[in-house]
Amino acid sequence: MTGTIMGAADISRALTRIAHEIVERNDGAADVVLMGIPTRGLPIAHRLAARIAEIEPAFDAELATGALDITMYRDDLFKNPTRAIGTTSVPDTGIDDAVVVLVDDVFHTGRTIRAALDAIRDLGRPRAVQLAALVDRGHRELPIRADFVGKNIPTSRSERVDVRLEEIDGEDAVILRKGE
Amino acid sequence: MSRPIVIKNANLYGDTVASLLIENGVITKVADTIETPDDAVVVEADGLVVLPGLVDLHTHLREPGREDAETIETGSRAAARGGWTAVHAMANTNPVADTAGVVEQVYSRGQEIGLIDVYPVGAVTIGLKGEHLSEMGAMASSKARVRLFSDDGVCVYDPVIMRRALEYVKTFDGAVVQHAQDLRLTEGAQMHEGEVSAELGLAGWPAVAEESIVARDALLAEHVGSRVHVQHLSTAGSVEIIRWAKERGIKVTAEATPHHLLLTDESARTYDPLFKVNPPLRTQADVDALRTAVADGTIDIIATDHAPHASEDKDCEWAAASFGMLGLETALGVIQKVLVDTGAATWRDVARLMSEAPARIGQVDHLHGRPIAEGEPANLTLVDPKAAWTVTPEALASRASNTPYGGIELPGRAVATFLRGVPTHLDAQLEGAFA
Amino acid sequence: MRHLLTTKDLSKTDALRILDTATQMAATQEREVRKLPTLRGKTVVNLFFEDSTRTRISFEAAAKRLSADVINFSAKGSSVSKGESLKDTALTLQAMGADAVVVRHWASGAAYQLAHGGWLHGSVLNAGDGTHQHPTQSLLDAFTIRKHLAPGGDLEGVTVAIVGDVLHSRVARSNVYLLTTLGAKVVLVAPPTLVPVGIEPWPCDVVHTLDQALDTYEIDALMMLRVQRERMTGGGFFPSPNEYSRIFGLDGDRLRRLPDHAIVMHPGPMNRGLEISAEAADSPRSVIVEQVANGVAVRMAALYLLLAGEEAAQ
Ligand SMILES: [Zn+2]
């Protein structure tokens with residue numbers, strides 16, 4: 001089954017649901033910091049923050065959102081062409097004792113999240129780290145699980161999942177493509 | 001008694017097709033056709049150019065002292081393979097060739113090996129130190145019959161010493177052979193001073209450091225009425241000065257090396273010390289001026305400045321490396337490439353530049369650089385101008401391998417060399433005839 | 001990027017890439033935990049044929065903060081005594097499995113030879129070769145200028161004056177090419193004795209007094225080079241320290257003639273009172289101390305860009 005798996009409305013609904021789940025799970029959003037993993041995890045983190053602020057007006061979406069570039073923590077740096085290093089920005093309040101919610105577009109092998117956990121450790125000591133992903137496509141290679149998932153999409157290893165976002169790609173869609 | 005040799009249908013000087021008969025080391029017949037004696041060796045020489053055996057006025061054989069870089073034997077073999085029948089061995093050995101003892105030893109060793117005639121050049125000053133004249137008279141009257149004196153490697157810098165040397169050599173009609181380099185202007189110098197040195201951060205060796213000494217020595221030679229020979233001219237300015245001095249009637253002669261006629265300071269961009277040489281490689285404008293000067297006779301001769309160095313003296317930082325490059329085996333090919341194939345000179349010119357004139361300046365012209373004619377000694381070089389070859393440093397006969405031409409194709413080469421009728425070098429294709 | 005040997009063949013894209021990467025590296029250095037796991041398992045050799053504690057420490061800090069293993073190799077020898085050969089040293093490093101060799105050498109071209117001699121597989125990073133090049137110094141200078149005068153952009157419209165011994169300066173050579181590649185205008189200020197013959201093709205202007213430079217150009221960054229006292233003896237490139245200070249030194253009066261936004265730089269170590277007065281060195285415009293910190297970030301960037309990426313591609 002290839003083609004568009006999620007449209008704009010699906011994505012919006014999924015993010016709204018995740019926002020509610022985050023608030024519910026953490027008994028509010030007081031200590032929540034959203035750390036988006038570039039490239040597409042970052043706009044998703046901002047969208048989630050905006051939705052949380054709608055639920056919890058005390059939540060400052062701007063202040064509580066950051067970017068977590070994991071390039072320098074990857075375990076496959078020497079197996080791919082040299083990657084440009086992206087920006088990491090931590091909310092001014094820091095992440096110590098916060099509940100950090102890592103936000104990514106596609107949850108796949110778990111290696112990105114492993115790298116993100118290492119990066120988080122160098123930035124401070126959160127009370128808890130949770131993971132939100134728009135899509136979980138399976139094929140875990142590490143014992144890591146997601147706390148909040150927009151949609152589970154069973155895939156074969158050779159298939160590709162493309163997440164397209166308005167902020168970057170001009171449209172919202174999740175597309176499943178055949179591998180080469 | 002060696003077998004007679006018939007060289008059939010050779011191209012004498014590149015302009016006259018004829019056959020030669022060589023008997024007992026002498027050319028006994030030059031004719032269109034020669035009846036081959038029964039026991040004769042026949043060399044089919046169609047397309048080969050015959051030149052009088054080449055004479056190098058500037059060779060470093062390194063023996064005694066640096067036998068790890070070259071010996072008289074390995075250098076002789078390299079020379080024979082390059083088409084040379086005589087070389088003048090520079091005095092900067094260890095011990096320095098500043099006594100009759102050393103020059104006789106070098107001369108005798110050359111004769112013993114027998115591949116070429118080795119003519120030692122005596123040092124001008126004791127130990128090449130530039131302070132006291134060496135016993136030039138003793139060297140002149142020794143068995144080695146030294147006529148040329150040079151401190152090559154260093155310049156005879158002190159103008160008073162230079163003047164005295166020029167005067168003194170008149171005693172035995174000798175000549176002072178000068179390595180023109182102002183020592184103060186070249187302290188620590190690494191390469192030609194210009195745009196490339198500025199960019200590479202290598203200490204510059206200004207053209208004026210050569211030209212000022214060339215001018216001074218020309219004037220000194222004029223003043224005392226003596227003969228000076230200037231080695232390895234490298235700049236357009238030096239050419240101008242020599243041209244001026246000759247017009248003025250000063251007894252000055254000059255040489256250019258094959259590498260200064262081909263390579264430029266651009267080579268230093270590789271920081272490969274194989275291109276580090278004294279004097280340094282100059283600019284294309286200098287190369288062009290040198291070629292013109294060779295073509296119009298301002299520069300009298302081609303000399304190799306064959307300078308073997310052990311690998312540890314070249315496999316190092318540019319600034320730590322020794323100056324100098326091999327030249328004996330590649331000279332003919334380079335000269336064909338830059339002068340003959342470009343139309344700047346003919347093979348007859350090459351005979352003059354690489355045999356007749358150097359023999360005359362070295363005062364060995366009773367034996368070498370002779371006409372290719374009946375009754376003359378059979379010192380001959382056979383050149384195949386179509387035998388292009390790619391230089392392989394390790395395959396050269398020299399003990400050292402510091403050639404700057406590794407991997408470069410040269411258009412032709414010597415395929416046979418005869419010293420007094422004896423083949424001292426035979427290309428594989430000719431070996432069979434002598435078997 | 002395979003090696004970093006000279007700024008002359010660095011494209012604008014490559015140069016900006018290094019500076020952008022350095023910006024990210026600098027950001028990590030403001031954290032509590034400054035060490036990154038990026039180059040874990042890689043071996044960086046600091047090969048120093050010439051003493052320079054400052055440069056070595058900077059590279060060592062850069063490599064260690066990226067978790068590379070660092071081996072310091074101090075090779076004896078000078079232009080006078082040859083010591084261990086470059087080739088033998090290179091073969092030793094190859095046997096040790098060096099992924100990158102940071103080389104500082106008294107001989108111009110040593111880094112190039114090391115990279116092209118066929119003795120080593122690793123990347124070579126030139127940390128100063130004779131009077132030729134010192135690419136990371138000029139990259140940190142560009143980084144510092146960019147941070148103060150053109151955040152995030154290139155150096156278009158920026159005028160940089162470099163004052164002092166250009167002839168013997170690898171810093172000047174590296175900066176002339178790099179800064180102009182980035183769009184800056186470079187003015188060299190030096191006595192004619194310390195300007196190399198053959199400078200004409202360099203993409204810069206040359207003037208012979210600091211006052212003339214201050215009069216003629218709107219200088220945004222003024223870089224004072226270190227004067228080697230030994231250059232005054234033995235054939236003297238200039239008559240005396242006093243005369244040098246008078247014509248080329250940066251004192252308070254000259255400092256005040258600079259535009260308000262201008263910065264003062266020095267690659268260090270300084271000769272206070274000779275090329276720069278204490279007032280100028282310690283003024284708020286001086287970014288000299290900051291240059292040192294930027295050096296670590298720039299070297300982290302260079303090491304990252306040389307060592308990260310596909311091994312097969314090397
Ligand atoms: Zn010489």
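Q: How many salt bridges does the rule find across the interface of chain C and chain B?
A: It finds 2. This is a predicted model, where local features need pLDDT of at least 70, side-chain atom pairs count only at pLDDT 80 or more, and totals for chains, interfaces and linings use all residues; side-chain values use heavy atoms, leaving out hydrogens and water. Residues are numbered from 1 along each chain as its sequence is written, while chains are lettered from A and ligands numbered from 1 in the order in which they are written.

Q: Why is the pair B:E199 and C:K8 called a salt bridge?
A: The rule wants a side-chain nitrogen of Lys or Arg within 4 Å of a carboxyl oxygen of Asp or Glu. Here the closest N and O atoms are 3.3 Å apart, so the pair passes.

Q: Which helices of chain C each supply at least two residues of the side that touches chain B?
A: They're α3 (86-96), α4 (110-116) and α6 (170-181); a helix is a DSSP run of H or I, at least four residues long, and a strand (E) needs at least two, with numbering from the N terminus. The largest share, 3 residues, comes from α4(C).

Q: What makes B:D152, B:H179 and B:H232 donors of the zinc ion?
A: A donor is an N, O or S atom within 2.8 Å of the metal (3.2 Å for Na, K and Ca), and since water is not among the atoms, sites may look incomplete. These three use OD, ND1 and NE2 atoms, at 1.9 to 2.3 Å, so they qualify. Along the chain, the donors follow the spacing D-x26-H-x52-H. B:D152 sits in the loop between β9 (148-149) and α4 (159-168) of chain B, and B:H179 in the loop between β10 (175-178) and β11 (191-192), so the pair ties together parts that are 27 residues apart in sequence.

Q: How do you know whether B:D152 and B:H179 are buried or exposed?
A: Buried means under 20% relative accessible area, exposed over 50%, and partly exposed in between (1.4 Å probe, protein chains only). B:D152 has 4%, so it's buried. With 2%, B:H179 is buried as well.

Q: What is C:Q291 in contact with, leaving aside its neighbours within four places in sequence?
A: Contact means heavy atoms within 4.5 Å. C:Q291, which lies in helix α11 (residues 288-307) of chain C, touches several residues, including C:Q137, C:L140, C:T144 and C:H266. A polar atom of its side chain is 3.0 Å from the backbone nitrogen of C:H266. At 3% relative accessibility, C:Q291 counts as buried.

Terms used:
A polar contact is a pair of N or O atoms within 3.5 Å; within protein, one must be able to donate a hydrogen and the other to accept it, and residues adjacent in sequence count only if both atoms are side-chain atoms.
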